[in-house]
Structure formats: C-alpha cells, structure tokens
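Hello,

I am passing a structure on to you, together with some notes on what turned up in it. Could you take a look when you have a moment?

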Amino acid sequence: MLIKEFYRVVSIQKMETDFQAIIELNKEHAIFEGHFPDNPVMPGVGMIQIIKELVETTSSKKLLMQQVSNVKFMTLINPQVHTILQVNFAIEEKEDSIKVKSSIRFQDSIALKMSSVYKQK
C-alpha cells in the first residue's frame with residue numbers, strides 16, 4: 001500500500017467477468033487534512049492508486065501504469081460521510097499489458113469511471 005492506513009480492504013469477490021471490492025476509508029487519515037481542511041474530499045489520485053493496488057492484489061503482479069483514459073470524476077466523496085466504497089473492475093490480460101475498466105461508487109452514486117493500462121514491473 002503506497003499510502004499507509006489510507007484504507008482497508010473489507011472484501012474482494014470475483015464475479016463472472018470482473019471483481020468487486022469493498023473498501024473502508026480511514027476518515028482520520030492525514031491526507032484529508034490537506035485535501036481540504038474543514039471540507040475533506042477524496043483525492044482523485046487516491047482513487048486511481050486504490051484501483052491499481054486492487055488490480056495488483058487480484059493479479060498477483062506488481063504493475064506500472066502506462067496509460068489512463070476516459071477518466072470521469074462524477075461526484076465528490078466526503079470521507080466523513082461515505083467511508084465505505086465499492087470498487088468494480090474488469091481485467092483483460094494481453095501479452096505485455098493489463099487493461100482495466102473500473103469504477104468507484106458509494107450508495108447509489110458513481111464517483112469515478114476509468115479505463116487504464118498497466119504493464120508488469
């Protein structure tokens with residue numbers, strides 16, 4: 001985990017063609033003090049890092065991000081209100097890369113949609 005104690009994985013389930021992870025944010029983490037004081041918001045780069053780490057966990061590979069496309073931040077996540085997030089991702093392994101389509105949501109709101117490509121370290 002790049003940012004220690006930022007979140008914890010509650011569960012990861014393999015579905016038919018993809019994965020679903022439930023994570024719990026540490027609403028007291030120092031990252032939220034700077035992003036932003038008195039109005040904490042989940043950093044976009046934090047969401048992107050969480051997805052990378054979950055893909056590494058499920059693929060059992062260390063990865064480097066090569067490309068991110070179609071990133072859509074759709075709503076803000078306030079960690080004081082929404083600590084439980086659902087991360088859905090589908091992995092397509094190619095010869096020299098891993099393509100991932102992912103989303104992060106809480107309750108009925110989608111916070112992030114993203115397509116990304118990784119290569120193995």
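Below is what was found, from the overall fold down to single residues.

Please keep in mind that this is a predicted model.

**The chain as a whole**

The protein chain has two helices and six strands, and along the sequence they come in the order β-β-α-α-β-β-β-β. With a radius of gyration of 14 Å, close to the 14 Å that the globule rule gives for 121 residues, the chain is as compact as a globular protein of that length. Its C-alpha trace spans about 45 × 25 × 25 Å along the principal axes.

Of the 121 residues, 39% count as buried. The accessible surface comes to about 7200 Å², and carbon and sulfur atoms hold 47% of that. If you take the contacts between residues at least 6 apart in sequence, 61% of them join residues at least 24 apart.

**Strand 2 and its partners**

Strand 1 (residues 7-14) runs antiparallel to strand 2 (residues 19-25), and seven bridges hold the pairing. The two are joined by a hairpin of four residues. Among the bridge partners, valine 9 goes with isoleucine 23 of strand 2, and arginine 8 goes with glutamate 24.

Strand 2 also pairs with strand 4, again in the antiparallel sense, over six bridges. Here isoleucine 22 stands opposite glutamine 86 of strand 4.

**Aromatic rings**

How many aromatic pairs are there? The count comes to three. In one of them, phenylalanine 6 and phenylalanine 32 are tilted, with 5.8 Å from centre to centre and 40° between the planes. Phenylalanine 6 lies in the segment before strand 1 and phenylalanine 32 in helix 1 (residues 31-34), so this pair ties together parts that are 26 residues apart in sequence. Both phenylalanine 6 and phenylalanine 32 are buried.

Another pair is made by phenylalanine 19 and phenylalanine 89: the ring centres are 5.3 Å apart and the planes meet at 15°, so the pair is stacked. It links distant parts of the chain, with phenylalanine 19 in strand 2 and phenylalanine 89 in strand 4 (residues 84-93), 70 residues apart. Phenylalanine 19 and phenylalanine 89 are both buried.

Two further points belong here. Phe6, Tyr7 and Phe32 form one aromatic cluster. Phenylalanine 19 also has a charged neighbour: lysine 14 lies over the face of its ring, at 5.0 Å from the ring centre.

Is glutamate 56 buried or exposed? This residue of helix 2 (residues 44-59) has a relative accessible area of 11%; the cut-off for buried is under 20%, so glutamate 56 counts as buried. Beyond its neighbours within four places in sequence, glutamate 56 is in contact with Lys61, Lys62 and Leu63.

Lysine 101, in strand 5 (residues 98-106), is a contrast: its relative accessibility is 60%, and it counts as exposed. Lysine 101 still has contacts away from its own stretch of chain. Leaving out residues up to four places away in sequence, it touches Asn88, Phe89, Ala90, Met114 and Ser115. One of these, Phe89, is the residue whose ring stacks with phenylalanine 19. Another is asparagine 88, 13 residues away along the chain, with 8.3 Å between its C-alpha atom and that of lysine 101.

Conventions:
Residues are numbered from 1 along each chain as its sequence is written. This is a predicted model: local features need pLDDT of at least 70, side-chain atom pairs count only at pLDDT 80 or more; totals for chains, interfaces and linings use all residues. Side-chain values use heavy atoms; hydrogens and water are left out. Two strands pair if DSSP finds at least two bridges between them. Buried means under 20% relative accessible area, exposed over 50%, partly exposed in between (1.4 Å probe, protein chains only). Contact means heavy atoms within 4.5 Å. Rings of Phe, Tyr and Trp (its six-membered ring) pair if their centres lie within 6.5 Å; planes under 30 degrees apart count as stacked, over 60 as edge-to-face and the rest as tilted. A charge sits over a ring if NZ of Lys or CZ of Arg is within 6 Å of the ring centre and within 35 degrees of the ring normal. The radius of gyration is taken over C-alpha atoms; the globule rule is 2.2 Å times the number of residues to the power 0.38. Accessible areas come from the Shrake-Rupley method with a 1.4 Å probe; for residues, only the protein chains shown count as cover.
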